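Here's a quick briefing to read alongside the model. Have the viewer open and follow the topics as they come.

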Amino acid sequence: MTAYVLRRTGGALLVLLLLSVAVYALFYVAPGDPATLACGPRCNAEQIAQVRDQLQLGEPLPVQYLHFLQGLVTGRDYSTGTGVLHCPAPCFGLSYQNDQPVAQLLASRLPVTASLAVGAMVLWLLLGVGTGLLSALRRGGATERVLTVLTLTGTATPVFITGLLLLMVFCATLQWLPFPTYVPLTEDPEQWAWNLLLPWTTLALLESAKYARLTRSATLETLAEDHIRTFRAYGLCERRIVGRHALRGALPPVVALNAVDLGTMFGGAMLTESLFGLPGLGRLTVESVRTVDLPVVVGAVLGVGAAVVLAGAVADVLYALADRRVTLT
Amino acid sequence: MAEPARTPLRSRRLLLTARRVAAAAIGVTLAAGATACGPKDAADAGADAAPHKGGTLTVLNSEPQTDFDPARLYTSGGGKVPTLVFRTLTTRKRANGAAGTKAVPDLATDTGRPSKNATVWTYTLKDGLKFEDGTPITSADIKYGIERSFAAELSGGAPYLRDWLIGGEKYQGPYKDNSKDGLKSIETPDDKTLVFHLKKPEGEFPLLATQTQFAPVPRAKDTGTKYEEHPVSSGPYQVVKNTGDGEHLLLKRNPHWSERTDKERHAYPDTVDVRSGLDSAVINQRLATGSGPDAAAVTTDTNLGPAELARVSGDKELEKRVGTGHFGYTNYLAFNPKVKPFDKPEVRQAIAYAVNRRSVVNAAGGSSLAEPATTFLPDQKSFGYTGADPFPAGRTGNPEKARELLKKAGYPHGLKITLTHSTAKNFATSPEVATAVQDALKKAGITVELKGLEDNDYKDTVHSLKDEPGLFIGGWGADWPSGGPFLAPIFDGRQIVKDAYNFNHAQLDDPAVNHEIDAINKLTDLHTAAARWGALDDRIGEQALSVPLFHPVYKRLHGKSIRNVVISDWDGVLDISQVAVK
Amino acid sequence: MTAPLATEPATEPAEAPAPADPLVEVRDLTITFPATGGADAVRAVDGLSFTLRPGGALGIVGESGSGKSTVAATLLDLHRGTGARTEGTVRVAGTDVLAAPEADLRALRGATAAMIFQDPLSSLDPYHSLGDQIAEVHRVHRPGVSRRAARARAVEALDRVGIPDAARRARSRPHEFSGGMRQRALIAMALACEPRLLIADEPTTALDVTVQAQILDLLHTLRTETGTGLLLVTHDLGVVAGSVDDVLVMRGGRAVEHGPVTEVLGAPREPYTRALLAAVPRIETARERAAHAGVAYEEEGREAGAARRGADAGRRGPAAGRPADSPRPAGPARPDDSAPPADSARPDEPVRPAVPAARTAVATVTDRVPRPTTGDDDHNGAPLLEARGLRREFGRGGPLGSVLGGDRTVAVDDVSLTVAAGETLGLVGESGSGKTTVGRMLVRLLDPTAGTLRYRGRDLGTLGERALRPLRGELQMVFQDPVSSLNPRRTIGESVADPLRAAGGLDDATVVRRARELLERVGLDPAWYHRYPHEFSGGQRQRIGIARALAPGPRLLVCDEPVSALDVTTQAQVMDLLAELRRDLGLSVVLIAHDLAVVRAASDRVAVMRAGRIVEEGPVDTVYDHPQHPYTQGLLAAVPVLDPEVAAERRAARARV
Amino acid sequence: MNDTPSTGAWRRLRTRPSAVVAAAVLAALALLALGAPLLTALEGQDPTTYHDQLVDSARGGVPYGSFGGISADHWLGVEPGTGRDLFARLLYGARVSLLVALGATVVQVALGVAIGLAAGAGGRLLDSVLSRFTDVLVALPMLVFAVALTAIVPAGFPRPLLLILVIGLLNWGGTSRIVRAQTLSLRQRDHVAAARLAGRTPTQIARRELLPALAAPVLTYAALLVPTNIVVEASLSFLGIGVTPPTSSWGQLLSTATTWFRADPLYVLLPSGCLLVTVLACTVLGDAVRTALDPRERSRLAVGTRAAARPPKGAAR
């Protein structure tokens with residue numbers, strides 16, 4: 001297990017390093033100059049040069065990258081004009097847009113994205129696994145068809161339509177729910193949940209079809225396994241067999257997929273976040289891309305990368321835990 | 001200000017919040033008098049009852065107040081939430097429509113006293129001015145505020161101080177320049193007096209002095225780039241909370257602000273709660289629904305999109321809560337005559353004739369959201385609008401005339417050209433407008449190939465002397481309501497910028513034009529100046545260096561219990577310093 | 001051979017019903033699986049009748065497809081709801097199973113009659129602990145019992161079947177047990193509700209021979225102690241010999257012979273039973289058997305096999321009733337028919353002339369310490385293949401791997417052996433002993449972690465894949481699993497032709513002709529060239545595999561459990577084919593098998609492997625008749641015998657140990 | 001009488017009514033797309049001409065008349081703001097959307113199979129390198145890539161092709177993981193060992209022994225990729241990096257229609273409906289193909305196993 005963890009960590013670090021190189025390379029070819037953007041449209045060349053120095057963009061890109069790597073280890077100092085801003089290790093740099101250390105910026109966005117992701121996950125699991133189980137039991141019947149069409153509709157509808165429709169119905173017309181704003185969980189758990197209900201639903205509708213189909217096929221697969229026959233031969237009733245044994249058997253792939261999805265979700269559900277005005281990581285990333293805010297983009301991509309890689313590892317571990325027959329290599 | 005300033009760099013948003021009109025700062029005007037857009041929907045809500053103090057005003061915005069440092073705000077950016085916190089030497093008149101296009105005294109006792117042919121401007125501060133911590137505001141604080149806007153760390157403001165003040169082009173701000181006197185062209189003979197020395201006559205200096213760079217900053221409290229987290233207030237409100245990089249601002253009354261020294265700001269609500277980062281469609285839906293705190297909500301950066309307008313226009317109750325406004329802004333086709341075939345005036349004229357402004361207006365959101373433009377200057381009196389139409393194309397274009405001109409130019413069998421535009425969905429430089437132009441020119445035998453560029457790419461390209469395409473969709477807005485900042489950056493030959501953003505798309509360097517610009521700048525009588533700007537615009541317009549397409553109109557919704565709605569033509573923004581919720 | 005039934009402990013349990021009231025009564029049972037997806041309907045069981053008295057033990061024996069397992073499942077009506085049509089009556093402990101309502105049936109299942117399945121791993125829920133699973137079954141049938149009591153009961157049952165430290169082990173999940181322990185646990189589950197009938201469907205087929213003996217002993221003890229009736233379904237005549245009172249031999253869904261075990265095995269009346277018995281390899285006989293009687297029944301066995309494949313689920317359409325399954329065509333090369341000339345290659349032989357084959361055992365198999373070649377080897381020249389100190393590890397490797405923690409396992413450790421030209425070396429061992437790994441290393445399908453491998457004087461172990469390729473043809477392998485060893489998407493002819501095509505240099509017509517010759521050589525109709533593997537039976541597929549291995553003209557053939565997946569009669573034919581080829585072509589063979597009898601019948605020398613090492617080796621008769629190593633002795637003692645009397649003696653002997 | 005595994009699958013497929021219906025629906029969509037010029041000519045419209053007189057300019061450009069301006073001239077009404085014919089835009093949009101979705105799927109499958117096969121059949125080192133590479137790709141926010149790519153590619157480059165490349169190059173991770181997992185299990189099979197013994201090179205083994213067996217899981221997964229790609233295309237359009245105007249695609253229609261569902265519901269429902277029908281048909285057909293190709297192990301399709309732990313990447317959140 002220790003070896004496994006070490007190996008995965010090594011791999012993850014390598015992945016993250018490659019990611020940062022990729023982002024720097026992309027940044028090089030992508031349009032938009034952060035110095036011009038920061039300086040303002042009516043700046044002259046001289047002013048832009050000054051701002052470029054100020055943003056530490058004067059050096060060639062590879063040198064900048066080396067400084068970035070150095071900053072990760074040792075931290076960096078930045079001038080605020082009146083004083084010095086220390087960005088402690090691991091320092092991803094300062095945002096060009098608002099001069100905050102990127103790590104701090106990411107940390108402030110993380111709770112939002114985490115709230116969104118975790119809640120949506122609970123909902124899509126309930127919706128997806130429930131639907132999948134039901135359609136596995138009623139396979140071939142009308143119930144299954146209706147459920148299939150419903151979940152697929154969710155998948156086939158882009159978030160920006162689902163979300164707006166939900167807002168219109170529940171917040172504007174029926175006024176059952178408030179228009180979402182982010183209320184930190186620590187401030188008011190009830191308001192937190194209430195406000196996030198629609199974003200959760202939007203994402204859950206998008207994702208649940210996948211889980212429904214997965215649960216359905218995994219349940220059917222498990223039902224065909226030998227140990228189910230054993231319990232039939234020992235007089236267990238069908239409901240008990242499905243509820244206790246078949247579902248349990250269908251769980252590992254669901255758990256594995258879920259861990260990965262959750263990881264990706266930490267990369268941000270940018271459309272959902274934008275639509276519902278949730279200041280999460282996804283929106284930060286997209287904004288930073290648009291404003292060529294390289295340090296934030298790199299930080300966010302690395303953060304997401306870490307989440308995805310971690311999720312992949314967690315998925316494997318969970319799979320191994322859920323299905324003890326699998327060993328980790 | 002210029003078109004890019006409409007999307008102030010530091011709070012540039014994504015295309016993905018599509019309906020948020022690019023002109024984020026654009027407001028709704030209850031235009032008065034002369035302008036073509038009548039004041040249809042005057043402030044009914046405010047009329048039924050007198051405004052009272054108290055309550056909480058909610059502001060629902062799409063753009064977070066990422067920049068809250070007076071040095072970094074571009075002109076009109078200061079007209080919104082920052083106006084509650086920063087007072088400046090002068091400020092715009094807080095009045096509906098055209099009346100709001102004037103500069104009036106704010107911290108100063110008057111709008112400035114010019115001397116030496118308007119190259120020296122002197123201001124005296126009012127008595128009893130205090131910061132939020134009770135320390136008195138001095139002329140040194142204002143000088144320091146201006147000086148720090150020269151620092152590279154705090155870049156982002158407009159170029160005028162650099163260009164106008166003597167020594168401005170060399171000065172690098174107080175962080176780098178430790179000399180005792182700082183920027184020498186600003187003198188502070190005593191705590192109350194400021195004297196500005198300019199390179200050349202600038203009759204519009206009082207208008208410039210409305211910008212946030214003219215807000216006082218106490219040197220002792222300056223924390224450089226971190227100052228924006230809690231700028232020291234000189235206005236009626238102070239910052240209590242600023243989270244999420246300006247996404248959530250909570251403003252409470254500043255106890256040291258005195259109504260006696262401030263005639264312009266009313267400050268009725270006790271609290272202002274600014275929530276931003278919202279999708280524009282959601283903002284409008286919330287304002288329309290108006291449940292809970294949303295009843296007392298306004299927005300300062302979002303207007304109704306076409307689909308929302310279509311819905312609102314069927315609803316009497318909602319219609320009453322929609323304000324209409326103009327802001328000096330023009331969307332146009334820009335030619336680069338250095339690129340063939342646009343070197344031929346006939347080709348440019350042919351395109352000017354072929355354009356179908358009705359399609360274009362529809363693409364920009366319909367006749368309620370855009371008005372056809374025939375002049376480069378916005379259709380407002382303060383700009384010197386003349387209503388000229390050098391190439392009359394009617395409402396839907398004149399393809400026959402265009403063909404004729406093309407034949408004359410040597411293209412009897414039509415022409416194939418490329419039109420560059422941004423892929424941002426902003427109803428201005430966007431694909432919709434481009435497609436409308438494309439469809440119209442087809443009728444004149446001109447095949448248009450569209451070249452949509454990602455917004456950053458678009459800006460880098462069209463503002464680069466080197467890469468500027470022959471034809472692109474551009475837009476230009478006013479830094480203040482006058483022809484000066486509107487025409488000079490575009491047509492003044494000395495403002496052709498190398499190695500940075502250039503806005504003189506036609507690269508026009510006409511000594512006569514340059515000379516006339518200088519001459520008008522000397523005028524301190526802005527009425528006379530406006531007339532001359534109008535005449536200059538007509539003269540340039542005849543060269544067909546650009547094809548004006550439309551002037552945007554803004555429809556903005558506000559909450560049910562909002563009173564005293566004031567929208568000036570200065571920036572078209574619903575003035576939150578005037579709003580009451582009780 | 002005439003041991004009376006009375007040798008079984010006759011202490012009938014007191015609560016058993018009178019003999020007049022049988023525990024199981026099956027009358028005119030016919031089971032038909034409906035036609036699906038192009039397959040015809042299959043009659044899996046046809047008019048079967050038998051009874052089992054309380055406390056009695058009945059063995060149902062048959063080859064695959066005989067319908068024996070279908071019968072076992074019908075006793076609990078496990079076919080209900082699958083679409084199978086059952087006719088006739090089945091009464092278990094007085095319940096009319098086929099007519100019983102769902103609730104009655106559930107009460108019967110597990111409580112009155114409990115079933116033990118072949119594969120204990122897949123038959124247990126991998127996600128719940130054993131104790132929980134047993135307790136769950138218990139509580140289903142004893143609703144009043146508390147959770148705690150049910151768990152205690154489960155521990156008791158596990159203890160009863162000989163699982164040490166049952167209280168702790170009850171919390172473990174199935175995969176944490178060894179195969180034998182799992183089967184014990186499954187038996188414990190069966191015992192949880194004290195059933196009157198145990199139905200054991202191939203309970204020991206997946207187990208090693210020593211474990212098999214333990215499980216059979218356990219079943220025997222339980223039966224004698226509790227008076228539970230036993231229905232034992234198996235393909236292995238040796239298993240029934242020591243475990244039951246009566247035997248029912250089935251073929252094609254019908255009963256062939258039914259009677260006391262001593263009579264059926266000792267003096268079979270039916271030719272089929274005789275053939276079956278004759279086909280069973282005898283561990284006590286030396287090699288070079290004569291042709292035996294079993295061959296005559298092969299075709300019928302095939303037919304039955306086809307029926308079963310259809311019956312199993314009706315899933316695979318095309319197999320049933322295809323020509324491939326009908327009697328094989330009479331061909332010149334039916335290996336079963338005659339013994340071909342022994343010492344010369346046949347004129348039509350597509351492979352190169354054989355080395356003179358009539359040789360005695362010459363290979364040297366060394367134990368651990370590589371012995372220098374002695375005089376025995378010298379007079380035959382250098383060995384064909386020589387392995388020294390072979391070692392193979394699995395898991396992550398490299399120097400980093402050892403730093404990061406040792407998740408490496410050693411599958412083979414310090415194995416040295418040689419194979420002389422024309423010699424057959426047997427390699428026996430139980431599952432996990434590393435014999436397959438050795439086999440794969442010998443043909444370099446696996447790279448040895450350490451040790452040397454020399455083939456005809458060349459160092460084979462260090463050759464790169466590319467350098468090895470020209471030599472590949474001389475070292476071939478016959479695989480265990482006839483299903484996975486053929487590409488299902490390629491015709492059998494093309495599979496056989498593949499090595500020829502890979503070698504290149506032959507035009508298409510020649511390749512096809514040679515492939516046809518090879519098919520014929522292994523006893524298949526060359527006209528079947530264009531058929532796909534799924535149309536063939538297991539034995540036929542194994543012949544195809546052999547033909548493919550012969551195609552490149554090998555000198556050494558490594559046969560990895562070539563017959564373990566086959567029925568006993570087919571097994572014999574395939575072994576005969578291999579022996580004949582070996583003689584004709586002068587091949588060297590390494591025969592890997594767990595079945596000691598198979599190895600004895602075919603090998604010159606034998607090496608016994610255990611836990612990755614060779615524990616004993618020598619000439620085959622020496623090792624079998626005078627085993628030196630205790631492990632070899634135990635292995636030989638555990639082999640079931642066909643004589644019920646001897647079986648009982650051996651069991652008694654095992655019990656004493 | 002030679003019944004190969006694939007002809008058997010084909011026969012089984014044909015006997016499933018749901019599969020036949022799904023295939024018919026997809027064929028009909030394809031026909032509609034291909035016949036777009038003909039059908040719109042029949043209607044007498046084209047997808048790009050503006051009809052200013054058909055929309056109410058003062059009300060944001062909402063079409064006059066009910067149901068989005070449905071009339072004999074405009075069978076499905078007109079687009080708000082521009083008055084362009086919706087029927088024509090929908091049909092021409094189908095061409096782009098289906099082309100992009102199919103093209104991207106082909107790219108994804110080709111890359112996924114190549115890389116998954118190499119990772120699964122190659123050595124441990126190659127596997128590690130390729131798996132890490134896949135991880136990097138999966139972790140990279142699609143938008144960063146998409147924006148960069150659309151910006152650096154010359155404007156003359158055909159946009160549908162660019163979209164195919166962007167979507168295809170960024171989303172092959174799922175396919176590659178499935179293929180890798182399947183390959184790892186396939187290569188344990190003895191016929192692969194036999195091919196090695198026959199002297200086949202690794203390339204030949206991959207092509208002859210492994211690739212054919214991957215067809216079933218890959219095909220099924222691809223059936224799910226097609227609709228996903230349509231939604232991704234819609235999202236890219238929403239972000240402003242979709243097709244070049246005046247070209248229409250379902251994604252472009254959807255993204256501009258977003259705010260109109262109250263003022264002009266039909267405008268939203270038409271592209272949504274097309275998308276939904278495609279998704280349903282693809283899913284049903286995919287299921288059927290899976291069952292037909294693998295009748296015995298009906299649900300062993302990778303979607304239901306660990307191999308599929310990576311679903312089509314949700315760029316659309």
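Strand 20 (residues 605-610) and strand 21 (residues 613-619) of chain C run antiparallel to each other and share 6 bridges. Strands pair here if DSSP finds at least two bridges between them, and the elements are DSSP runs numbered from the N terminus: helices are H or I with at least four residues, strands are E with at least two. Bear in mind that this is a predicted model, where local features need pLDDT of at least 70 and side-chain atom pairs count only at pLDDT 80 or more, while totals for chains, interfaces and linings use all residues. Residues are numbered from 1 along each chain as its sequence is written, and chains are lettered from A and ligands numbered from 1 in the order in which they are written.

**The hairpin in chain C**
- C:Val606 sits opposite C:Gly618 of strand 21 of chain C.
- The hairpin of strands 20 and 21 of chain C has 2 residues between the strands, and C:Ala611 takes a positive phi near 50 degrees there.

**The open sheet in chain C**
- This sheet has 6 strands in the order 6-7-8-3-9-10, with mixed pairing.
- Strand 6 (113-116) and strand 10 (254-260) of chain C are at the edges with a single partner strand each, so one side of each has no neighbour in the sheet.
- Inside the order, strand 3 (residues 57-61) and strand 8 (residues 229-234) of chain C run parallel, joined by 5 bridges.
- C:Leu58 stands opposite C:Leu231 of strand 8 of chain C.

**Two domains in chain A**
- In chain A, 21 residues of domain 1 are in contact with 18 residues of domain 2; contact means C-beta atoms, placed from the backbone, within 7 Å.
- Helix 1 of chain A gives the most to domain 1's side of that contact, with 9 residues.

**A helix pair in chain C**
- Helix 16 (residues 492-503) and helix 18 (residues 538-550) of chain C pack at about 25 degrees with axes 7 Å apart; axes are lines fitted to C-alpha atoms over the stretch in contact, and angles run from 0 to 180 degrees between N-to-C directions.
- That makes helix 16 of chain C roughly parallel to helix 18 of chain C, a label for angles under 35 degrees.
- Residues making the contact include C:Ile492 and C:Val496 of helix 16 and C:Ile544 of helix 18.

Technical notes: Angles under 35 degrees count as roughly parallel, over 145 as roughly antiparallel, 65 to 115 as roughly perpendicular and the rest as oblique.
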